[in-house]
Amino acid sequence: MSSLVLSRRNLLVAGGSVLIASVSGLTLPAGAQGVAPTPSMRGGANNYIKGAPIVSRIGKGGFWMSGTVRRAGDGAPLAGQRIQIWAHTVEGQEHEPQSHGATLTDKNGVFRLEMPQIVPAFGQPHGHLAYDSGEFKTVFLRPIMRSARDKSLEAHFVLEPA
């Protein structure tokens with residue numbers, strides 16, 4: 001059986017260890033360090049049409065654009081946020097109104113919109129998405145697909161107040 005010897009030196013060493021652990025965060029519970037806002041992507045606003053209508057589907061469908069919308073800082077999901085989506089597809093080009101539509105996020109901050117198959121424009125199959133409702137800063141995204149044969153594409157927004 002070992003015995004605990006309390007000496008001045010042992011107390012100083014133990015106290016120093018607790019201080020170092022506290023400063024380094026080892027004794028603090030893990031917590032959210034803050035979720036950084038999504039920056040707008042270069043080229044994301046290309047062919048953007050302000051006020052595209054909310055639709056249940058763009059064109060004949062067959063391809064799914066989906067993602068999430070969260071609040072910067074705490075990462076809370078944002079319900080009812082308007083996300084505009086457009087792309088160069090088998091049914092139209094990016095600048096054509098029939099290639100644009102918008103949808104709203106659900107209570108979990110998730111959005112999903114069916115649209116025609118995206119095809120390469122300027123050598124890259126990609127979509128365009130925008131948060132442009134005004135409560136938060138506008139963000140444009142331009143995610144690129146791995147393959148033109150993919151049947152879906154995801155994009156995620158983290159928004160900061162306007």
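**Close-up views of a predicted model**

**View 1. N47, a partly exposed loop residue.** With a relative accessible area of 31%, N47 counts as partly exposed, because that value falls between the 20% and 50% cut-offs. Keep in mind that this is a predicted model. N47 sits in the loop that runs between α1 (8–24) and β1 (63–71). Its backbone is worth a look too: N47 is not a glycine, yet its phi is positive, at about 65°. Most residues other than glycine have a negative phi.

**View 2. F122, out in the open.** Here we move to the loop between β4 (110–115) and β5 (127–131), which is where F122 is placed. F122 also has a positive phi without being a glycine, with a value near 60°. Is F122 buried or exposed? F122 is exposed, because its relative accessible area of 81% is over the 50% cut-off.

**View 3. β5, a mostly covered strand.** Five of the five residues in β5 are buried. Follow the side chains along the strand: G127, L129 and Y131 point one way, while H128 and A130 point the other way. Both sets are buried, whichever way they point.

**View 4. The pairing partners of β5.** Which strands does β5 pair with? One of them is β2 (residues 82–87), paired with β5 in the antiparallel sense over five bridges. Within that pairing, A87 has G127 of β5 as its bridge partner. Another is β6 (residues 139–141), also antiparallel to β5, this time over three bridges. In this case, L129 stands opposite L141 of β6.

**View 5. S66 and the residues it touches.** S66 belongs to strand β1. S66 is buried because its relative accessible area, 18%, is under the 20% cut-off. Which residues does S66 touch, once those up to four places away in sequence are left out? They are F111, R112, L153, E154 and A155.

**View 6. Residues 8–32, to be viewed with caution.** Over this stretch, pLDDT stays under 50. For residues 8–32, the model has six contacts beyond four places in sequence. Where pLDDT is low, the predicted coordinates should not be read in detail. So how does the protein as a whole score, and what is its mean pLDDT? The mean pLDDT is 84, and 80% of the residues reach 70 or more.

Key:
Residues are numbered from 1 along each chain as its sequence is written. Side-chain values use heavy atoms; hydrogens and water are left out. pLDDT is the predictor's confidence in each residue, from 0 to 100. Contact means heavy atoms within 4.5 Å. Helices (H or I, at least four residues) and strands (E, at least two) are DSSP runs, numbered from the N terminus. Buried means under 20% relative accessible area, exposed over 50%, partly exposed in between (1.4 Å probe, protein chains only). Two strands pair if DSSP finds at least two bridges between them.
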